[in-house]
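Have the model open while you read.

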Amino acid sequence: MSEETTAERISAEFTVEDALDAALAGALDAPRTRTSGWIRDGHVSITNGGRAVKVGKSYKLSAGDLVVVDAPAPRDLADIRPEKVDGFGIVYLDDDIVVVDKPAGVAAHPSPGWHGPTVISALMGEGISVATSGAAERQGIVHRLDVGTSGLMVVARSERAYTELKRAFKERTVDKIYHTLVQGLPDPLRGTIDAPIGRHPGNEWKFAVVEGGRNSITHYDVIEAFGPASLVEVHLETGRTHQIRVHFSAMRHPCCGDLTYGADPRFSAELGLTRQWLHAHRLSFDHPATGERVSFTSEYPLDLAYALDALREGRVQLG
């Protein structure tokens, strides 16, 4: 395999037997979402014996396939501009970690097609440095929240912290507690959703419960019921992309406001929601320097609190 990376392009050639987007991700140490985007945008071509092969992200590579990549390189930290972000909070800060309270509308890190604020740009705006480990545009990032999800994230500031936190998330020793408002009343009131998640067969930007997907486990407990909706505490055992949203949608109890995964648009509007009612409420982990267990809590932001109050006061109804 040959590979060349400049400030502006990523170029590579290799021969391998694997699914195309997975092969690219493994060979170039890039997220599959990015490699899928490269394929979709025409930055990847395949030949076999000199003949062009039709390219698709699900294409299964065969012996002798030559894969050629010519894609824009991801931005590095030098290209990210510091910015002040409304609602962005610093919950805890030391030499090794920073725990932030991320508002909705902020991405964890830069990605293709996203031009809004990120946790990294917001930290730079606060004059807070992060670890240099990780891909250029994801330095210091050890886990993520969806753009439309608010709440707690920990970011590594030292290389030691990055290594230890990545290990902790992989070994599932981090406790991630979310609160979500879902439509209807889940039955049973307390339970576990154990269903594999993979790419949605009809939409590459969505996920779904699919046969052969990645093992995904969500534990939940209804803590308040209103009839048209229920407030649920969620403990993630795994951390798949969109996991909570996909699992509750599959149960026919989508997160309120989550139009991507089947929420009722009229009910969402009556609640005043313009995004999913999903909040990373509590985060606990062993401090990477001291080994001491630390725990942080985030209160609901105004839009989520308003929707909850509307239900408590009986001002909205589903259907």
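Keep in mind that this is a predicted model. Start at the peptide bond from Asp187 to Pro188, which is cis, with omega near 10°.

**Backbone geometry**

- His242 isn't a glycine, yet its phi is positive, near 65°. You'll find His242 in the loop between β14 (229–236) and α5 (243–250).
- Is His242 buried or exposed? His242 counts as buried because its relative accessibility is 16%, and the cut-off for buried is under 20%.
- Arg252 is another non-glycine residue with a positive phi, about 70° here. Its place is the loop between α5 and α6 (265–270).
- Arg252 has 76% relative accessibility, so it counts as exposed; the cut-off for that is over 50%.

**Salt bridges: the overall picture**

- How many salt bridges does the structure hold? There are 13, and a few of them are picked out below.

- Glu164 and Arg167 join their side chains in a salt bridge, at 2.8 Å from N to O.
- Both residues belong to helix α4 (residues 159–170), where they are three residues apart, about one turn of the helix.
- Glu164 is partly exposed at 33% relative accessibility, and Arg167 is partly exposed too, at 38%.

- Arg275 and Asp303 form a salt bridge whose closest N and O atoms are 2.9 Å apart. This one ties together distant parts of the chain, 28 residues apart: Arg275 is in the loop between α6 and β15 (278–286), while Asp303 is in helix α7 (residues 302–312).
- Arg275 is buried, with a relative accessible area of 9%, whereas Asp303 counts as partly exposed at 26%.

**One more pair, and a network**

- Glu313 and Arg315 also meet through their side chains, in a salt bridge of 2.7 Å, N to O.
- On the accessibility side, Arg315 is partly exposed at 44%, while Glu313 is exposed, with a relative accessible area of 54%.
- Asp146, Arg245 and Asp258 make up one network, joined by salt bridges that share partners.

Methods
Residues numbered from 1 in each chain as written. Predicted model: local features only at pLDDT ≥ 70, side-chain atom pairs only at ≥ 80, totals over all residues. Heavy atoms only, no water. Helix = DSSP H or I, 4+ residues; strand = E, 2+ residues; numbered from the N terminus. Buried < 20%, exposed > 50% of the residue type's maximum accessible area, 1.4 Å probe, protein only. Salt bridge = Lys/Arg side-chain N within 4 Å of Asp/Glu carboxyl O.
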